[in-house]
Amino acid sequence: SAAMVFHDPSLYLLGGFDGASEFNDVLAFDLDSQVWHVAGSMPAGGSRSGHSIAMLSSGEGLVHGGCPSNSRDKLREARRFSLGPPSLKFLVACWMNGTHKAQHNPSPPGGE
C-alpha cells in the first residue's frame with residue numbers, strides 16, 4: 001500500500017505496491033487545479049510499501065517503516081523530507097538497530 005498526506009494545497013502519495021514491486025515515486029495532486037504531477041522520488045533504497053507518513057508543524061514530513069522492494073523484511077528507519085519549493089528533498093534518515101538506538105545519517109548504512 002502507498003501512504004498519503006495533505007500539505008496545502010496538495011495531497012502527496014508516496015511509494016506503494018502494484019503486486020510485483022514497490023515504488024519510490026512521490027506524486028502530488030493539486031486540489032486547486034485537480035491535476036496530478038510527479039513531485040520527486042525517494043532516494044535509492046527508498047522504494048517501499050506498507051509505510052506510514054506524517055507531516056510536522058515545521059512543514060517537514062516523516063516516512064517511517066514499510067517493506068523494501070523484493071523483500072517482506074520490515075524497514076526500521078524514518079526518513080525526514082521537505083515538500084517546500086522548488087522540489088521534494090529528503091534531508092536525513094534515522095535507522096534503528098537491534099538495541100533500538102537511533103543512528104542519524106543522510107544515507108543508509110553502506111551508501112545510497
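In what order do the elements of the protein run from the N terminus on? Color by secondary structure and you'll read β-β-β-β-β-β-β-β-β-β-β. That's 0 helices and 11 strands, taken as DSSP runs numbered from the N terminus (helices: H or I, at least four residues; strands: E, at least two).

Some ground rules: this is a predicted model, where local features need pLDDT of at least 70, side-chain atom pairs count only at pLDDT 80 or more, and totals for chains, interfaces and linings use all residues. Residues are numbered from 1 along each chain as its sequence is written, and side-chain values use heavy atoms, with hydrogens and water left out.

Next, color by pLDDT, the predictor's confidence in each residue, from 0 to 100. The protein averages 74, and 70% of the residues score at least 70. Now select residues 98–112: pLDDT here is below 50, though the stretch has 26 contacts in the model beyond near neighbours in sequence (contact: heavy atoms within 4.5 Å). Where pLDDT is low, the predicted coordinates should not be read in detail.

Of the 112 residues, 36% count as buried, meaning under 20% relative accessible area (1.4 Å probe, protein chains only).

Last stop: pick Arg-48, in strand E5 (residues 48–49). Is Arg-48 buried or exposed? Buried, with a relative accessible area of 0%. Show what Arg-48 touches, leaving out residues up to four places away in sequence: among them are Glu-22, Phe-23, Met-42, Cys-67, Glu-77 and Arg-79.

Definitions and conventions:
Buried < 20%, exposed > 50% of the residue type's maximum accessible area, 1.4 Å probe, protein only.
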